[in-house]
Amino acid sequence: MIRLDGKEVSLSVRTEIKREAEAFTQAHGYPPGLAVILVGDDPASSVYVRNKEKACVEMGFLSRKYELPADTKQADLLALIDTLNRDPRIHGILVQLPLPKTIDENAVILAIDPDKDVDAFHPANVGRIVEGNYSFVPCTPAGIMEILKYYRIPIAGKRCVIIGRSNIVGKPMALLLLEQDGTVTVCHSKTENLTEITRTADILVVAVGRAKFVNADMVKPGAVVIDVGINRTPDGKVVGDVDYESISLVASAATPVPGGVGPMTITMLMRNTLTAAKRTAERKNQG
Ligand code: NAD
């Protein structure tokens with residue numbers, strides 16, 4: 001079985017982004033800029049935000065981090081987003097989710113200028129993905145598409161099964177595979193005869209959030225298996241939604257956890273920010 005190495009793909013994409021970011025900075029006199037807002041002190045979120053900052057530095061982007069206390073008022077967060085929406089040096093705005101319960105996540109997503117919405121969660125961007133006419137795609141499914149492209153895995157005409165229908169992974173994943181002419185089925189917690197369906201998949205994407213949920217019995221011989229899951233075991237180990245060892249006897253290729261889909265997510269955030277910067281510059285040139 002081929003190990004689909006997300007670190008290798010990520011490195012290749014990051015090299016390209018860095019080169020393009022340098023060219024952008026030379027041409028315009030300022031770098032692509034990303035603002036990341038963290039509300040509260042959730043340890044996992046703090047790690048994600050720190051890694052995003054590191055990626056910005058590595059790729060020559062401007063990085064601005066806003067760390068707000070957990071009791072921040074929604075109005076104050078919205079005011080900060082409004083300021084960043086109007087800041088010409090900031091091309092991407094990311095509010096780290098989840099937010100404290102006192103803040104309405106939807107209101108926050110709606111407040112971000114869709115042209116700076118590098119997570120692609122704003123309904124305007126979701127609608128554009130449905131139409132197939134988009135600039136940004138949520139980072140995790142975008143990273144998966146990049147892995148499939150890098151390893152030249154054919155999608156057109158293939159049976160693609162996704163387990164999970166979340167707004168950030170399952171649903172956009174389905175749309176992207178459909179756009180590439182895959183024949184797509186989305187399964188979820190209410191799906192009957194799940195194994196019967198997953199065993200038809202040429203490409204199986206698993207985004208359930210349950211450790212080792214998929215084993216060899218659920219996989220068609222020769223299938224490509226993409227494991228999105230990040231689950232922590234009681235002893236602190238990170239494991240995926242797929243039992244990698246078990247499926248390695250039947251699948252033709254699979255992403256490991258860690259080292260598969262995970263490394264791609266921040267890389268695609270950088271790509272979205274670069275795209276946002278280029279689009280803003282183009283619009284300015286047009287007048
Ligand atoms: P979610 O909890 O929003 O969605 C889980 C989905 O799984 C739901 O649609 C649900 O219907 C489905 N499901 C639950 N139990 C099921 C069952 N028994 N049979 C079939 N379907 C079932 O999760 P999410 O945000 O999509 O994330 C999924 C996993 O991916 C999590 O482990 C998360 O940590 C991980 N994740 C990883 C990255 C990354 O960068 N690699 C990014 C986002 C999420």
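1. Let me start with R152, which counts as exposed because its relative accessibility is 72%; exposed means over 50% relative accessible area, buried under 20% and partly exposed in between, with a 1.4 Å probe and protein chains only. R152 sits in the loop between α6 (139–150) and β5 (159–163). Helices (H or I, at least four residues) and strands (E, at least two) are DSSP runs, numbered from the N terminus. Phi of R152 is near 50 degrees, a positive value in a residue other than glycine.

2. A word on the source: this is a predicted model, where local features need pLDDT of at least 70, side-chain atom pairs count only at pLDDT 80 or more, and totals for chains, interfaces and linings use all residues. Residues are numbered from 1 along each chain as its sequence is written, and side-chain values use heavy atoms, with hydrogens and water left out.

3. D181 is another residue to check: its phi is near 70 degrees, a positive value in a residue other than glycine. D181 is placed in the loop between α7 (170–179) and β6 (183–187).

4. Two peptide bonds deserve a look as well. L97 and P98 are joined by a cis peptide bond with omega about 0 degrees, and P98 lies in the loop between β4 (92–95) and α4 (105–111). The bond from V257 to P258 is also cis, with omega near -5 degrees; P258 is found in the loop between β11 (253–254) and α10 (262–286). For background, most residues other than glycine have a negative phi, and most peptide bonds are trans.

5. Is N231 buried or exposed? N231 counts as buried because its relative accessibility is 10%, and it lies in strand β9 (residues 231–232). Its side chain makes a polar contact with the side chain of D241 at 2.8 Å; such a contact is a pair of N or O atoms within 3.5 Å, where within protein one must be able to donate a hydrogen and the other to accept it, and residues adjacent in sequence count only if both atoms are side-chain atoms. The N231 side chain also reaches the backbone oxygen of G240 at 3.1 Å.

6. Finally, the ligand. One of its oxygen atoms is 2.7 Å from an N or O atom in the side chain of T265, and an oxygen atom of the ligand is 2.8 Å from a polar backbone atom of R165.
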